[in-house]
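Subject: Structure for your review

Dear colleague,

Please find the structure below, followed by an account of what was found in it. I would be grateful if you read the two together.

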Amino acid sequence: MTSGTARLAGPDDIDRIVAILTTAFFHDPLWGPAFPDVDRRAEQAAGLWRFYVTCVQRYPNTYLTAGGEATAVWIPPGGVELTHDEEADLERLLLASTGRETTDTASYAIWLAASALLAMPALLAAIGRMT
């Protein structure tokens with residue numbers, strides 16, 4: 001059970017955050033197919049989540065519940081998920097761990113997720129106008 005309190009996470013929490021994200025998105029309809037080999041999905045996805053979580057440590061916006069059951073990773077307004085250099089590093093990481101087909105699928109999943117997040121404010125505003 002989650003205790004209801006959260007704290008700012010730091011570098012010592014990365015392993016726990018990666019485990020939470022890997023488990024949470026294992027069967028996700030977007031992220032699951034990005035790593036189609038179910039026997040290797042946890043290992044491959046953990047590499048992706050570790051890369052992201054490590055990259056966003058530049059912002060003090062990653063939280064972990066007191067008991068380590070849940071996490072939230074936030075990019076501040078005007079911030080970037082990945083720098084240009086990190087984007088290139090991500091492609092190399094995915095190619096090394098999954099191959100070209102999975103890298104292309106994962107890249108599409110990342111693009112789709114980012115597009116959905118960017119569209120969210122407009123979508124919420126439109127829904128607000130409809131009610």
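Helices (H or I, at least four residues) and strands (E, at least two) are taken as DSSP runs and numbered from the N terminus. This is a predicted model, in which local features need pLDDT of at least 70 and side-chain atom pairs count only at pLDDT 80 or more, while totals for chains, interfaces and linings use all residues. Residues are numbered from 1 along each chain as its sequence is written, and side-chain values use heavy atoms, with hydrogens and water left out.

Strand β2

T62 lies in strand β2. T62 counts as buried because its relative accessibility is 2%, where buried means under 20% relative accessible area, exposed over 50% and partly exposed in between (1.4 Å probe, protein chains only). Leaving aside residues up to four places away in sequence, T62 touches R7, L8, A9, I17, V56, Q57, T71, A72 and V73; contact means heavy atoms within 4.5 Å. T62 and A72 are 10 residues apart in sequence, and their C-alpha atoms are 5.7 Å apart in space.

T65 is also found in β2, which covers residues 62-65. T65 is buried, with a relative accessible area of 10%. Its side chain makes a polar contact with the side chain of E69 at 2.6 Å. A polar contact is a pair of N or O atoms within 3.5 Å; within protein, one must be able to donate a hydrogen and the other to accept it, and residues adjacent in sequence count only if both atoms are side-chain atoms.

Helices α1 and α3

The axes of α1 and α3 come within 9 Å and cross at roughly 130°. Axes are lines fitted to C-alpha atoms, for helices over the stretch in contact, and angles run from 0 to 180 degrees between N-to-C directions. The angle makes α1 oblique to α3, since angles under 35 degrees count as roughly parallel, over 145 as roughly antiparallel, 65 to 115 as roughly perpendicular and the rest as oblique. On the α1 side, the contact is made by I14, D15, I17, V18, L21 and T22; α3 contributes A42, A45, A46, W49, R50, V53 and T54.

Within α1, the residues I14, I17, V18, I20, L21 and T22 are buried. The buried residues of α1 pack against α3, β2 and β3 (71-73).

Yours sincerely
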